[in-house]
Each structure stands twice: as C-alpha cells, then as structure tokens.
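Please look through the sequence and the model shown below before reading on.

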Amino acid sequence: VAALRAVRDYRRDPIPTLETLAQQYGDVVSVNLPGARVWLLNEPSLVHHVLVRNHENYRKTSGSGNTRRFFGNAMQLNNGAAARTMRRMLAPLFQFERVAATWSGVIIEETEAAMRDWGPGRRPGLTRELMDLTLAVAVRMFFGTAPGEETARLGRLYLGAASALGNFMLPAWVPTARNRRYASGVAALDAEIFARIALQRQAGSGGSDVLSALARLEGDDATRPTDAQIRNELISLMAASYFTLGVALNQSLRLLAEHAPAQAAVAAEAAAAKDDVHRLLYTGMVVKEALRLCPPAGLFVRDADANDRLGEWVLPAGTRIFLPAWLVQRDARFHPEPLAFRPERWTAEYEHALPPCAYFPFGSGPRGCIGSLLTEVLLRLMIATIVGRYRLEATRVTPAGASTWPEVEAAGGVQVTMHRR
Ligand code: HEM
C-alpha cells in the first residue's frame with residue numbers, strides 16, 4: 001500500500017481511511033512504513049487468533065514515554081507476571097452481581113444529581129454534561145469520595161493532569177509551559193491520592209470503592225500492592241473508563257434520539273424498572289447495539305514477538321497489528337444490515353451464532369476489558385434514568401462523517417436536546 005499517503009490520511013481521518021483500506025485490500029492489509037511494518041486484520045478468526053488462540057505471541061504495546069510517565073507500571077500497559085497478579089486482584093471487584101449490588105445506588109444518585117443541574121427550563125445538549133457525569137461516577141467508584149464538592153474536586157485534579165499530557169511532549173527536564181503544567185497537575189493529583197491511601201491504610205475502613213479494596217488486600221509482601229502500585233492502577237482505571245464510558249453514553253443516547261421506537265421502548269422499561277439493572281433487558285440490547293455500531297475503542301494494537309502463521313499468510317516477528325473493532329462490527333458478512341441500529345437483533349440466538357470476535361468492543365481473551373460488566377451495569381442504569389426523565393430529540397448539525405471533537409463528535413455530528421417528559 002502507498003504507505004505515506006495512508007499515514008497522512010489516517011492522521012487526518014482515521015476511520016474512513018481504515019474503511020477504504022479494508023475495501024480495497026480485504027481481510028489482511030499490510031502497510032510498510034519507514035521503521036515499522038503494520039498489518040490491519042479485518043476478519044474475526046484472525047482477530048481471535050491474535051487475542052485468544054495464540055495471545056502469548058502478541059504483546060500489549062507499552063505506550064509512549066509520556067503515557068508511561070503518567071501510568072507508571074500499571075497493569076494495562078504491561079505484560080508478564082506482575083500484570084497477571086494485579087489483574088487477578090482487581091477482577092473480582094468488577095463482576096456483574098458485585099457491581100450491581102455495590103454501585104447501582106451511586107450510579108443512579110449521580111445521574112439524578114446531574115439532571116437536577118440540567119433543569120428545569122434548561123435544555124442541555126449532550127457531550128459535556130455526560131462526560132462530567134461519567135467522570136463523577138468513576139471518581140466515586142474508584143476513590144470512594146463523598147458526593148458533591150469532594151468528588152468534583154478530585155475529578156478536576158484528574159483532568160488537570162490528564163489533559164496536560166500531550167502526545168508530543170518534550171522530555172520532562174525541558175521547562176516548557178506544557179511540561180510545567182503537567183508536572184504541577186500530576187503533583188497535585190498524586191498528593192491527594194497518596195493522602196487517601198495513607199488514610200485508608202490507617203483506618204482500614206470497609207469502603208466498597210476500589211482504592212480501599214486495594215489498600216485492604218492481604219497476602220504476602222510479594223503480592224500486596226504498594227502505595228505507588230495502587231496509585232498507578234487507580235489512574236489507569238480512570239483513563240480506561242472515563243472517556244470510553246462518556247463516549248458510549250453519548251452514542252447510546254444519540255442513537256435513541258434518532259430512533260423514536262427504540263427510545264419509547266427504553267422509556268417504557270424505565271417506567272417499570274429503572275432502578276433494577278436485572279430488569280433493564282431491552283436497555284441492555286440498546287447498549288450492545290450502540291457498542292457494535294460505535295465502539296469507543298474502535299481500534300487496538302498488539303506487537304508480534306515471533307513469526308507466526310495467520311491463515312494463509314506468514315506474519316513476520318516485530319509486526320504491529322491493528323485490530324479494528326469498528327470495521328469488523330460493521331461488516332455485513334457477520335452482522336446483517338450492519339449500518340442499521342437494531343437493538344432487537346441481540347437475541348441469545350443471534351449472539352450464540354456469531355463467530356468468536358465478530359463482536360469485540362471490549363477486546364477478548366486474557367487481556368480483554370476488565371470493566372465490561374461494570375460498563376453494562378452503568379450504561380443500563382444511566383440510560384434508563386435519563387430516558388425515563390427526558391425525551392431526546394436529534395438535530396444533525398454537521399454532514400455525516402464530518403464532525404469534530406469535542407462538540408459533537410461523540411454524538412456523531414448530531415446535537416441532542418433533552419425535553420423533560
Ligand atoms: C464503554 C466502555 C469501555 C470500553 C469500550 C472498553 C474497551 C476496552 C478494550 C477494547 C480493552 C482491551 C484493549 C486491548 O486489548 O488492547 C480494554 C481493556 C481494559 N479496560 Fe476497558 N473499556 C471500557 C470501560 C472500562 C471500565 C469502566 C473500566 C474500569 C474498570 C475498564 C478497565 C479496563 C482495563 C483495566 C483494561 C486493561 C486490561 C488488561 O490490560 O488486562 N474499561 N477496555
């Protein structure tokens with residue numbers, strides 16, 4: 001493939017570029033760049049091979065120097081035994097029943113508090129308000145803050161550090177304005193987190209948030225997490241969840257605003273059972289379908305350790321693999337009428353008949369998303385709480401495919417207005 005043109009187009013407009021490459025070249029697209037060889041895999045059995053069948057050959061990439069500075073040795077960016085141990089410690093916190101029992105109240109309480117700020121009389125559009133809401137819920141679940149000002153303050157500290165972390169930063173010792181902003185943002189955030197960990201270790205309270213669960217962990221010295229590890233995991237959990245959840249919530253509500261019958265079905269379900277995640281089954285199908293059409297992590301990456309055979313192709317060691325959930329989940333070979341928003345398609349039979357990795361918004365295999373069930377609980381409850389109270393109306397404000405972040409990209413170029421029911 002004409003590599004430099006592909007890179008230029010990809011930087012400008014990633015999704016259409018990948019779509020064009022897949023249309024032109026098929027299930028395996030190889031792009032040779034100066035110093036890097038990239039393969040784009042557009043077919044479920046190939047994705048499954050990389051994420052599950054032969055996952056040991058495919059390492060998670062460790063990110064740029066800047067991301068490593070922010071996340072430290074967090075599990076998410078690492079391979080090997082320490083990452084496996086941390087994953088084993090964290091995973092039980094995010095099981096469906098535990099999440100539903102522990103955090104349903106917090107999720108509904110924060111959604112209702114946010115809605116009080118939106119009305120009455122105001123007609124909030126989506127995006128900013130929903131990003132703020134997901135930030136508040138994430139802070140409360142991970143740090144165990146009190147609702148209101150304490151939660152908002154920690155949210156601001158997190159965003160202050162995260163938003164100063166750019167893609168193109170000079171080394172830390174160069175005193176650029178951005179480096180200074182990043183350093184002071186991280187210092188303020190770290191001071192707050194370490195103080196909370198110390199308090200938790202002293203008090204040993206039985207809080208249900210992730211910080212106190214990690215601070216309470218028993219075990220031998222080799223496995224008990226240090227303060228720095230707890231800090232790194234909390235920051236990486238914030239990063240993994242805040243943006244993806246915010247985008248998923250935006251997209252789900254945008255799709256409902258554009259599809260009146262589905263919105264009416266969610267409203268009816270909310271009227272009957274909006275506090276009980278187990279009964280929000282249609283809303284669960286809406287979430288699945290929104291994550292199929294618009295997966296917030298639309299593309300993720302692995303690096304091949306050794307040569308491997310992938311179907312009829314021989315993959316060289318060192319190749320970087322792109323796994324585009326966005327493309328596979330919109331492929332008519334696996335999802336009939338792929339561009340239609342049809343929550344009803346998500347029957348047990350439909351799901352059962354899908355080939356492995358034809359639907360993988362959360363990845364798959366041993367490094368799939370640890371927060372997928374938390375996401376399901378959270379989105380069901382938030383969507384039902386919001387749609388139970390507001391009727392959503394969609395207005396297209398940019399031509400399809402021409403939207404820009406942050407105003408409307410998360411909502412696909414559509415402005416959504418909420419009217420109280
Ligand atoms: C709509 C919401 C979310 C989406 C679409 C999403 C998507 C993903 C994907 C695709 C991966 C795998 C990446 C790869 O294989 O390279 C992943 C990993 C991960 N996600 Fe999520 N995620 C979401 C929400 C969350 C939440 C709420 C949490 C918080 C618990 C979370 C925590 C993680 C962690 C810790 C990993 C790394 C797991 C590991 O390295 O073993 N995610 N997520």
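Strand 3 and strand 4 run antiparallel and are joined by 3 bridges, where strands are DSSP runs of E with at least two residues, helices are DSSP runs of H or I with at least four residues, and both are numbered from the N terminus. Two strands are said to pair if DSSP finds at least two bridges between them. The model is a predicted one, in which local features need pLDDT of at least 70 and side-chain atom pairs count only at pLDDT 80 or more, while totals for chains, interfaces and linings use all residues. Residues are numbered from 1 along each chain as its sequence is written, and side-chain values use heavy atoms, with hydrogens and water left out.

The open sheet is formed by 5 strands in the order 1-2-7-4-3, with mixed pairing. Its edges are strand 1 (28–33) and strand 3 (58–60), each of which pairs on one side only. On average, neighbouring strands of this sheet are turned by 30 degrees against each other, direction ignored; axes here are lines fitted to C-alpha atoms, for helices over the stretch in contact, and angles run from 0 to 180 degrees between N-to-C directions.

| Strands | Bridges | Direction |
|---|---|---|
| strand 2 and strand 7 | 3 bridges | parallel |
| strand 3 and strand 4 | 3 bridges | antiparallel |
| strand 4 and strand 7 | 4 bridges | antiparallel |

Asp-303 in strand 4 stands opposite Arg-59, and Asp-303 also stands opposite Arg-320 in strand 7. Trp-39, for its part, stands opposite Ile-321 in strand 7. Strand 4 is mostly covered, since 4 of its 5 residues are buried, buried meaning under 20% relative accessible area, with exposed over 50% and partly exposed in between (1.4 Å probe, protein chains only). Helix 3 (residues 44–53) lies across strand 1, strand 2, strand 3, strand 4 and strand 7, running at about 120 degrees to strand 7.

Cys-369 has its place in the loop between helix 15 (348–353) and helix 16 (372–389).

Ser-241 lies in helix 11 (residues 227–258) and is buried, with a relative accessible area of 11%. Leaving aside residues up to four places away in sequence, Ser-241 touches Ala-138, Phe-142 and Gly-246, contact meaning heavy atoms within 4.5 Å.
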